[in-house]
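Subject: Structure handover

Hello,

Here is the structure I said I would pass on. My notes follow below it.

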Amino acid sequence: MLAFILRRIGQAILVLLTVALISFSLFRFVGDPTQQMTSQDTTLEERLQIRKNLGLDDPVVVQFARFIGNAARFDFGVSYQNRQPVAKLIGDRFPATMELAFASAMFALLVGIPMGVYAGLKPNSWLARLFQTVSLVGISLPTFLIGILLIFIFSVSFGLLPSFGRQGVVNLGFWTTGFLTWEGIRSLILPSITLGLFQMTLIMRLVRSEMMEVLRTDYVKFAKARGLTPRAVNYRHALKNTLIPVITITGLQLGSIIAFAIITETVFQWPGMGLMFLQAVQTVDIPIMSAYLLLVATLFVLINLIVDLLYALVDPRIRLSGKAA
Amino acid sequence: MKPMKTLAVVGTLLAATFLTTISSEARTLRWARSGDALTLDPHGQNEGPTTALGQHIYEALTERDHTGKLGPSLATSWGVVPGDPTTWEFKIRPDVRFHNGATLTADDVVFSYERAMQPTSDFKGYLSSVESVTKVDNLTVRIKTKGPNPLLVNSTTSIYIMNKAWAEANNATKAQDFKSKEENFAVRNAMGTGPFTLVSREADVRTVMRRNEAYWAKSSVPLEVSELVFVPIKADATRVAALLSGEVDFVQDVPVQDIERLKGAPNMRITSGAENRTIFFGMDVASADLKGDNVQGKNPFADKRVRQAMNMAINRTAIQRIVMRGESVPTGVIMPPFVNGWTKELDAAPPTDVARARALLAEAGYPQGFSTTLHCPNDRYVNDEGICQAAVGMFGQIGIRVNLVSQSKSIHFTLIQKNPPETEFFLVGWGVPTYDSDYIFSFMYHSRQGSRGSWNATGYADKDVDAMIQSLSQEIDIPKRDATIAKLWAKLKDETIYLPIHHQALSYAMKSNLDIPVDVANSPKLKMVSFKGS
């Protein structure tokens with residue numbers, strides 16, 4: 001088991017280094033940050049001096065080594081635009097993104113699973129067909145369009161929910177949360193539906209097909225033959241077995257929820273890391289871009305690691321093969 | 001008689017009470033635009049949203065109203081010291097208090113100017129001609145320049161005055177530097193004399209300000225807003241939705257395609273006006289041969305007739321009507337209308353004349369036209385990419401086949417600024433913070449030497465023109481100086497170094513009980529807001 005974990009951690013570090021290297025070589029093509037850092041009447045000499053001071057003229061390898069060296073000490077530099085330490089900027093915005101991702105994941109699970117179960121049990125009912133249609137919309141419409149549609153319906157037409165921002169935030173010192181006030185929860189509704197809709201439809205479709213598959217298996221037939229109530233058959237035996245892939249998918253999708261938050265956060269002016277990243281791209285704020293990409297890669301790797309470990313715990317075969325190797 | 005008098009007195013008292021209640025009534029103004037201020041540091045970032053927010057907390061010696069007219073602010077009067085053309089004297093307004101109660105003195109002014117002149121300041125460019133700033137007495141400051149500078153006062157509108165003692169106590173005597181690891185106190189805190197005091201600030205979320213009840217100009221400005229909340233909303237659709245749903249009261253950066261719809265919405269008002277920014281094309285007029293064209297051994301742009309033909313090919317009214325949806329002012333000069341030196345004659349653009357343009361091209365030796373590459377930004381000006389696409393079609397009509405490359409501003413402007421420039425044909429927009437032609441000449445027409453000509457990517461270099469431009473910064477005889485400006489424009493307009501398109505227009509959208517005029521610097525002054533009706 002320990003060897004398995006160590007091996008996975010070793011691989012994780014390799015993945016992180018690769019991500020950092022790829023993003024660093026891309027920064028050469030995003031433009032000149034001094035353009036955004038200085039006013040229009042700054043002389044060319046001054047701009048060149050700033051570039052030099054920032055170390056932007058050094059070879060990519062040197063810049064990369066410097067970045068990794070600093071990152072290993074949790075020093076991500078100072079934002080070119082905001083002139084504040086990047087670690088602090090990201091730390092300030094981390095709770096907003098995590099709460100949004102959490103609320104979206106909850107929405108996807110709590111709505112997606114019941115819909116999937118229902119559609120799996122009664123695939124021919126009109127409601128199940130409606131769910132299928134809705135899920136098609138969720139899968140095919142781009143996130144920003146869904147967000148704008150929701151804003152148009154719930155904010156502009158009916159004035160029920162706020163169209164932007166994270167309101168009613170309570171500062172707990174180490175974390176800021178919107179879960180403690182009604183205002184905060186209200187402002188979470190539209191962004192989390194927007195962000196979670198794709199995952200919800202994914203889970204719904206997954207549960208539906210798994211459910212239909214499980215219902216055809218022998219042990220379900222046997223359970224029915226034993227005279228168990230449909231309730232016990234469907235929920236205790238069938239649903240439990242459909243949930244194993246759902247847990248895996250949810251775990252893996254959590255990473256992409258965090259990464260895809262960029263668009264949702266921009267549409268709703270949600271003050272998270274994604275919004276900051278998008279602005280950083282437009283202003284060529286390399287310290288923020290590199291730190292964000294590294295952080296998202298870390299989150300992905302961490303989630304995958306946890307999923308793998310859980311798998312190993314749940315499924316002895318993986319653990320055993322790990323030992324054999 | 002007596003009861004009548006009492007009644008009258010009571011009436012007056014009542015009216016007075018009523019009036020005071022109205023003026024001090026709690027009124028919140030929620031203001032949204034696409035980007036947040038980058039910092040509160042008054043000298044940290046010379047950038048639109050940053051200075052637009054900053055002016056509500058900090059003030060300068062002088063200020064410009066929404067039409068661009070210069071007037072007094074923290075200074076009551078100023079002028080060149082008689083007998084010494086290199087020294088300006090500013091009289092400081094007495095009894096002005098900072099938000100912490102400290103009285104404004106010459107020490108604060110000297111401190112702020114010295115802070116703005118430090119290498120880490122983003123405003124040092126405005127003060128590059130300044131040698132020293134000294135205190136004469138508590139309410140008098142002298143600014144000594146390296147040579148005569150007839151326009152120094154124009155720079156003073158941009159230099160905000162902060163409280164010296166406060167900055168020293170909080171270790172914020174230097175503008176924030178991107179190299180420093182420690183965050184400067186002035187980035188999130190502020191201590192100015194402005195109409196609003198800072199209550200709270202969360203970057204990218206909101207900045208809340210409260211009315212400064214002790215504001216020195218309280219009697220001369222409406223100052224009806226008791227609480228000012230600034231929220232950045234990046235997405236265009238969301239920003240407009242927030243206004244329509246009533247979550248904000250006043251919106252800048254209104255997308256042009258939404259203006260018509262907002263005009264039709266109930267209880268909405270749109271104000272429009274020209275911005276201090278002109279959009280134009282520039283091209284390499286100097287190189288012996290272009291890399292991006294199909295003409296061998298010659299540079300078609302070097303021929304004035306080709307440039308004039310291209311100038312005639314642009315259908316400015318079509319661009320205004322279709323690309324800009326009416327939100328622009330077509331022009332024939334690269335100078336916004338409120339800049340010193342602007343005349344109606346200069347502003348007139350040549351009428352679109354495809355036949356004449358073709359004839360000129362043939363005369364220049366290109367009867368079949370030629371092909372070239374145009375570089376265009378796609379995220380800097382209003383519909384910048386659309387302007388380029390329209391122009392490509394128009395140049396096509398006279399046989400100039402243009403290959404369009406549009407890219408992000410951070411890449412585009414680097415091409416222009418490189419030495420030598422890496423573009424031979426480009427779109428650029430230019431605003432004039434000094435409101436004087438010299439700024440345009442120095443950056444756009446002077447040959448690339450030292451600090452001058454840094455945006456002149458055309459390669460245009462004319463000794464006489466350079467000499468005349470240089471004389472402008474020394475000449476203190478204003479009529480003589482204006483004559484030189486007129487002479488320069490006459491020559492440069494004929495040379496057609498740039499192809500002007502239009503002055504960019506701005507639109508603000510707001511609830512109909514507000515009437516906020518468009519500010520030429522796109523920096524609305526919300527102390528001037530008064531609520532109507534309701």
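A definition for what comes next: a helix axis here is a line fitted to C-alpha atoms over the stretch in contact, and angles between axes run from 0 to 180 degrees between N-to-C directions. Please also keep in mind that this is a predicted model.

Helix pair in chain A

Helix α8 (residues 182-215) of chain A and helix α10 (residues 230-267) of chain A have axes that come within 9 Å and cross at roughly 155°. Angles over 145 degrees count as roughly antiparallel, and α8(A) and α10(A) are therefore roughly antiparallel to each other. The crossing of α8(A) with α10(A) is right-handed. Sorted by class, the residues in this contact are 18 nonpolar, eight polar and one charged.

Chain A overall

There are 13 helices and two strands in chain A. The C-alpha trace of chain A spans about 85 × 60 × 35 Å along its principal axes. Of the 325 residues in chain A, 48% are buried. Among contacts in chain A with a separation of 6 or more, 72% are between residues 24 or more positions apart.

Hairpin in chain B

Strand β10 (residues 196-202) of chain B and strand β11 (residues 206-211) of chain B run antiparallel and are joined by six bridges. L198(B) has M209(B) in β11(B) as its bridge partner. Three residues lie between the strands of this hairpin, where D204(B) takes a positive phi near 65°.

Regards

Conventions: Residues numbered from 1 in each chain as written. Chains lettered and ligands numbered in written order. Predicted model: local features only at pLDDT ≥ 70, side-chain atom pairs only at ≥ 80, totals over all residues. Heavy atoms only, no water. Helix = DSSP H or I, 4+ residues; strand = E, 2+ residues; numbered from the N terminus. Parallel < 35°, antiparallel > 145°, perpendicular 65-115°, else oblique. Left-handed = near helix turned anticlockwise from the far one by under 90°. Nonpolar A, V, L, I, M, F, W, Y, C, P; charged D, E, K, R; others polar. Pairing = 2+ DSSP bridges. Buried < 20%, exposed > 50% of the residue type's maximum accessible area, 1.4 Å probe, protein only. Contact = heavy atoms within 4.5 Å.
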